[in-house]
Amino acid sequence: MKLSRYFLVLLVFAACNTPHAVYDYDQQIDFQQYSNYALFPDFRSGMSQLDENRLLNSLETAMQQKGFIKSEEPGIYINIYTEEFQQDNRSRVGVGLGGGGGNVGVGGSVGIPLGQMDTYLKLTFDFIDVKNDNLVWQAVVESPFNYDASPEKRQAQFDKIVAKALEGYPPKK
């Protein structure tokens, strides 16, 4: 019984730190036709040069694992853009006061926030058909991100983000 409690607590903490993804795609496309890719010609992720390089290293490794080849004559362009946002971490201390007498009771409470806001990255991965210049597949991934983390931990986070994004490719029709 104790083991299951610890497992449940571990599961809750692990779920809070994993990327979440949403996928969309063109249902008319045969995704088996794509085997070569390149970055979108006007690629700008909106990240620092170091983080962008980490992201691109993760992407290149993951695309190779999916059987894609980086090419000068690609079938699809990949564009990635990012957005940073802050989210309340929901940690609170509750303070309550109550009293009563006879048949009357009065109470009040307030939640005092602890810590600071959490930083999240929202990365949008667009796969664009080169011939038709159409968006054919998209993944939007939201993930907590710590800018104070070491370079190794940041690379590991980008690896998780890219893996989560490409988990939905090719789409299962």
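At 2% relative accessibility, D51 counts as buried (under 20% relative accessible area, with exposed meaning over 50% and partly exposed in between; 1.4 Å probe, protein chains only). The structure is a predicted model, in which local features need pLDDT of at least 70 and side-chain atom pairs count only at pLDDT 80 or more, whereas totals for chains, interfaces and linings use all residues. Residues are numbered from 1 along each chain as its sequence is written, and side-chain values use heavy atoms, with hydrogens and water left out.

The side chain of D51 forms a salt bridge with that of R54, at 2.6 Å from N to O. A salt bridge is here a side-chain nitrogen of Lys or Arg within 4 Å of a carboxyl oxygen of Asp or Glu. The two residues lie 3 residues apart in helix α2, so about one helical turn separates them. Helices (H or I, at least four residues) and strands (E, at least two) are DSSP runs, numbered from the N terminus. R54 is also buried, its relative accessible area being 13%.

The whole structure contains 5 salt bridges. Among them is the pair K70 and E60, whose closest N and O atoms are 3.8 Å apart. This pair links distant parts of the chain, K70 being in strand β3 (residues 69–70) and E60 in helix α2, 10 residues apart. Both partners are partly exposed, K70 with a relative accessible area of 48% and E60 with 33%. Another salt bridge joins the side chains of K164 and E167 (3.3 Å, N to O). Salt bridges with shared partners connect D51, R54 and R154 into one network.

E52 is also located in helix α2 (residues 49–65). E52 is buried but has no salt bridge, and the nearest side chain of opposite charge, that of R44, is 8.3 Å away; Lys and Arg count as positive and Asp and Glu as negative, while His and the chain ends are not counted. Residues up to four places away in sequence aside, E52 touches F43, S45, G46 and M47 (contact: heavy atoms within 4.5 Å).

The largest nonpolar core comprises 30 residues, and F125, F127 and W137 have the most contacts inside it. Such a core is a set of buried Ala, Val, Leu, Ile, Met, Phe, Trp, Tyr and Cys residues joined through side-chain atoms within 4.5 Å. At least two residues of this core come from each of α2, β4 (76–87), β7 (118–129), β8 (134–144) and α3 (151–166). Beyond its neighbours within four places in sequence, F127 has contacts that include M63, I76, W137 and L166.
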